Amino acid sequence: MQDPPTVAIVGAGFSGSLLALHLLRAGPPNLRIFLIERTPGFGPGLAYGSHNPEHVLNVRVSNMSAWPEAPDHLQRWLDAQAGTGEAQASAFITRGTFGRYIAEMIQQTIAGPDGAQRLILVHDEAVGLARMADGLRLTLGMGRSLDLDAVVLAIGNQPPAPLKGLGLETLPLADYAPDPWAKGALDGLKVEEPVLLIGTGLTMVDIALALRSRGHRGPIQALSRRGLAPHCHAAVSPVQHPSPIAVDGPLSQLLRRVRGRARAIGWREAVDELRPSAQAIWRTADLQSRRRFLRHLRPWWDIHRHRMAPVVSDRVKAMREDGQLLLAAGRILSIEAARGELAVTWRARGSTDEQTIRVGRIINCTGPGGDPLNARNPLLRDLIGQGLARPDALGFGLDVDDEDHVVDATGLANPRLYAVGPMTKGAHWEIVAVPDIRNQVAGLAKSPGFGFWADAARRIS
Ligand SMILES: Cc1cc2nc3c(=O)[nH]c(=O)nc-3n(C[C@H](O)[C@H](O)[C@H](O)COP(=O)(O)OP(=O)(O)OC[C@H]3O[C@@H](n4cnc5c(N)ncnc54)[C@H](O)[C@@H]3O)c2cc1C
């Protein structure tokens with residue numbers, strides 16, 4: 001055991017930063033935390049690092065507080081910010097503002113008594129992990145290594161999964177952007193050039209808005225298998241704190257119930273009612289039921305559950321109405337690069353006719369990936385390569401036990417290695433948005449085992 005007990009949190013996006021703050025409040029009293037982030041900011045992460053004012057949260061202020069026991073905390077912070085004019089509980093603020101909220105709490109912590117001794121910010125990339133006799137050794141990209149009692153992986157949303165079978169990987173970045181969030185994904189694109197966005201969910205919405213704000217005038221074709229776009233939040237907030245519902249019974253019974261409730265109280269309320277129970281429903285479902293849900297219901301769940309803020313929906317609607325943004329359901333058959341453009345041949349869903357469009361760039365907007373087997377993240381690659389971690393059964397992220405310990409390739413849960421946030425989606429399903437992650441990290445910070453690490457691993461399978 002290190003003296004004082006020492007952990008590293010890899011990733012200072014929302015999940016890692018919030019875990020650090022919660023641990024300092026509720027974790028072991030003398031715990032020392034290294035918070036490791038490869039990008040310059042501590043707090044915003046990928047999701048809240050956007051400076052584009054068109055990128056607003058898709059959750060209302062009232063549900064985005066960092067502290068579950070103080071739901072008005074964000075609102076009070078907003079009230080204290082002179083001139084933001086954003087402080088309504090039902091408002092959707094910009095993602096950049098939310099990023100500043102988290103970053104400011106980290107900076108205030110460092111500036112507070114003992115802050116800099118207890119929370120050490122490390123601007124570096126974690127690239128490797130080794131088991132030691134009494135703990136873990138984390139290697140950083142710049143050559144330093146840290147000996148630790150435990151490590152928490154908060155590495156967040158990974159770039160979209162590669163689109164296989166279309167030869168896209170061989171195209172230069174000027175033709176194909178495999179990661180829509182990568183710096184420069186839109187660089188060099190001429191404002192008149194037609195663009196193809198693969199995917200029609202929230203990532204597509206983000207990129208369409210980013211194109212709009214840089215003055216793009218060319219047509220934007222968005223394409224996905226079903227062509228379903230996210231729905232919009234109600235102008236007035238529906239049920240705020242629904243109570244959990246019964247989770248037993250087969251999926252078909254649950255579906256019937258939700259449909260009935262949607263008819264009775266409205267679809268938004270029926271979906272929101274499920275929120276507090278969604279993790280429990282997922283956990284009690286066997287692998288076969290989870291697969292059936294993913295195959296048949298996921299596209300519908302996603303567009304009803306992950307909604308756009310009304311202001312975003314209005315912008316998307318305007319882009320569609322003036323004919324710039326075109327949404328379609330279909331399948332890409334082939335992509336050919338010729339004479340400085342890309343000829344994309346596709347077939348609309350339910351049709352036998354093929355059509356070809358010519359675009360200047362294709363952007364993968366299929367949403368965050370997570371399958372560690374596709375990982376470009378060096379730490380993930382190292383963990384999988386050494387067998388210190390394994391993908392969950394559905395390839396959403398890492399296999400973890402019910403206390404978020406990472407399970408290794410032999411099925412043993414490592415008591416010193418944890419994962420939080422989107423990489424634990426295989427275990428929890430609803431663990432991507434702030435309200436769920438907030439509960440996860442608050443629970444981990446308070447868990448009696450955190451701080452009492454031993455090397456006895458638990459067999460999962
Ligand atoms: C574009 C976008 C918008 C979203 N908007 C909302 C919203 O409005 N409301 C909502 O509730 N949820 C939203 N989400 C969901 C989002 O998953 C969570 O809200 C939350 O931000 C996830 O935080 P995170 O820290 O787990 O992940 P991330 O934000 O992805 O942060 C992970 C961090 O880890 C760092 N990192 C990764 N690997 C390493 C390494 N090896 N070494 C060092 N650092 C590393 C990365 O640089 C990154 O900063 C959004 C997600 C995305 C992608």
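Is Leu326 buried, partly exposed or exposed, and at what relative accessibility? In this predicted model, Leu326 has a relative accessibility of 35% and therefore counts as partly exposed. Leu326 belongs to strand β11, which covers residues 325-338. Apart from neighbours within four places in sequence, Leu326 is in contact with Ile220, Gln221 and Ala222. Leu326 and Gly41 are 285 residues apart along the chain, and their C-alpha atoms are separated by 35 Å.

Leu119 is located in strand β3. Its relative accessible area is 1%, so Leu119 is buried. When residues up to four places away in sequence are not counted, Leu119 touches Ala20, Leu24, Ile33, Leu35, Ile106, Thr109 and Ile110. Leu119 and Arg32 stand 87 residues apart in sequence, yet the distance between their C-alpha atoms is 6.2 Å.

**Helix α3 and its surroundings**

Helix α3 consists of 17 residues, 95-111. From its first C-alpha to its last, α3 reaches 25 Å, close to the 24 Å expected at 1.5 Å a residue. The buried residues of this helix are Arg95, Thr97, Phe98, Gly99, Tyr101, Ile102, Ala103, Met105 and Ile106. Among the elements that cover the buried residues of α3 are the helices α1 (14-26), α2 (73-80), α5 and α12 (434-446), together with the strands β2 (32-37) and β3 (119-123).

**Packing of helix pairs**

| Helix pair | Angle | Axis distance |
|---|---|---|
| α5 (202-213) and α9 (310-321) | about 70 degrees | 11 Å |
| α6 (251-265) and α7 (267-284) | roughly 150 degrees | within 7 Å |
| α1 and α12 | roughly 35 degrees | within 8 Å |

Helices α5 and α9 pack at an angle of about 70 degrees. That angle makes α5 roughly perpendicular to α9. The crossing in which α5 passes α9 is left-handed. On the α5 side the contact is made by Val205, Ala208, Leu209 and Arg212, and on the α9 side by Val312, Arg315, Val316 and Met319. Classified by type, the residues of this contact between α5 and α9 are six nonpolar, no polar and two charged.

Helices α6 and α7 cross at roughly 150 degrees. The two helices are therefore roughly antiparallel to each other. Leu254, Arg257, Val258, Arg261, Ala262 and Ile265 of α6 meet Trp267, Glu269, Ala270, Glu273, Leu274 and Ile281 of α7. The contact of α6 with α7 comprises eight nonpolar, no polar and four charged residues. Helix α6 itself has 15 residues and reaches 21 Å between its first and last C-alpha atoms, close to the 21 Å expected at 1.5 Å a residue. After α6 comes Gly266, whose phi is positive, near 105 degrees.

Helices α1 and α12 cross at roughly 35 degrees, and their crossing is right-handed. From α1, the contact involves Phe14, Ser15, Leu18, Leu19, His22, Leu23 and Ala26; from α12, it involves Val434, Ile437, Arg438, Val441, Ala442, Leu444, Ala445 and Lys446. By class, the contact of α1 with α12 has 11 nonpolar, two polar and two charged residues.

**Backbone features**

Where does a cis peptide bond occur, and what is its omega? The bond joins Asp3 and Pro4, with omega about 0 degrees. Pro4 lies in the segment before β1, a strand that spans residues 6-10.

Asp114 has a positive phi, near 65 degrees, although Asp114 is a residue other than glycine. Asp114 occurs in the loop between α3 and α4, the latter spanning residues 115-118. Its relative accessibility is 51%, so Asp114 counts as exposed.

Asp404, likewise not a glycine, has a positive phi of about 65 degrees. Asp404 is situated in the loop between α10 (378-386) and β15 (405-407). Is Asp404 buried or exposed? With a relative accessibility of 7%, Asp404 counts as buried.

Note on methods: Residues numbered from 1 in each chain as written. Predicted model: local features only at pLDDT ≥ 70, side-chain atom pairs only at ≥ 80, totals over all residues. Heavy atoms only, no water. Axes fitted to C-alpha atoms, helices over the stretch in contact; angles between N-to-C directions. Helix = DSSP H or I, 4+ residues; strand = E, 2+ residues; numbered from the N terminus. Parallel < 35°, antiparallel > 145°, perpendicular 65-115°, else oblique. Left-handed = near helix turned anticlockwise from the far one by under 90°. Contact = heavy atoms within 4.5 Å. Nonpolar A, V, L, I, M, F, W, Y, C, P; charged D, E, K, R; others polar. Expected span 1.5 Å × (residues − 1). Buried < 20%, exposed > 50% of the residue type's maximum accessible area, 1.4 Å probe, protein only.
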